[in-house]
Amino acid sequence: MKTDLRQHLIVGRILSAHGISGAVRVQSLTDDPARFASLKTCWLLDEQEKPVRLLRVLSARTQNAGQVLLQIEGVTDRDMALALRGRLLAVARADAVKLPADHWFVCDLIGCDVFDEKEGALGVVHEVLQHTAQDVFVIRKAGQPDLLFPAIKSILRHVDLASRRIEVCLPDGLFDLYRKEKP
């Protein structure tokens, strides 16, 4: 069974205006805020995360704490910049950074079914917590507590985005820690 992967990948959220000339302060939602330096165009998304307008980026400057200052063509004053506050920015999947082997975009993992070699169906990926050491998958199943495990090779056995299936081998005791039947 094939699934449609997102055609646009979210890279940032407009936080506020910066100055009076229409620049916007953007919170980077990518692993590498420096990617904005080479960004020429991006999509402005609506509230349902659908692309509504292609924006031309005139300049980008990385700030501290994963923030970027963007100057967007046609946004020429503070009021225009403030009107964009809270909106998401995205790139077409074809223009996304190329990922190394065994790396995936978080948005592609959300909603995938997760199966353990011993316990069977664990639920679906609800969230991926991004930490310094490694990412942590949050697996949700109706009527059960969330199950968390680190995204490491010894646990992740196979990720098949086309079929929306992730196969894992949880270490002994991890399943019981979260979902052990209570007497």
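**Loops and strand pairing**

Tutor: Arg164 lies in the loop between strand E11 (156-160) and strand E12 (165-168). Keep in mind that the model is predicted.

Student: What is the phi of Arg164 near?

Tutor: Arg164 is a residue other than glycine.

Student: Is Arg164 buried or exposed?

Tutor: The relative accessible area of Arg164 is 17%. Buried means under 20%. Therefore Arg164 is buried.

Student: Which loop holds Glu49, and what is its phi?

Tutor: Glu49 sits in the loop between strand E3 (41-45) and strand E4 (51-62). Glu49 is not a glycine, yet its phi is positive, at about 65°.

Student: How many bridges join strand E7 to strand E8?

Tutor: E7 covers residues 113-116 and E8 covers residues 120-130. A hairpin through 3 residues joins them. Asp116 has Gly120 in E8 as its bridge partner. The strands run antiparallel, and the number of bridges is 4.

Student: In E9, which residue is the bridge partner of Glu127?

Tutor: E8 pairs with strand E9 (residues 135-140) in the antiparallel sense, over 6 bridges. A hairpin through 4 residues joins E8 to E9. The partner of Glu127 in E9 is Val138.

Definitions and conventions
Residues are numbered from 1 along each chain as its sequence is written. This is a predicted model: local features need pLDDT of at least 70, side-chain atom pairs count only at pLDDT 80 or more; totals for chains, interfaces and linings use all residues. Side-chain values use heavy atoms; hydrogens and water are left out. Helices (H or I, at least four residues) and strands (E, at least two) are DSSP runs, numbered from the N terminus. Buried means under 20% relative accessible area, exposed over 50%, partly exposed in between (1.4 Å probe, protein chains only). Two strands pair if DSSP finds at least two bridges between them.
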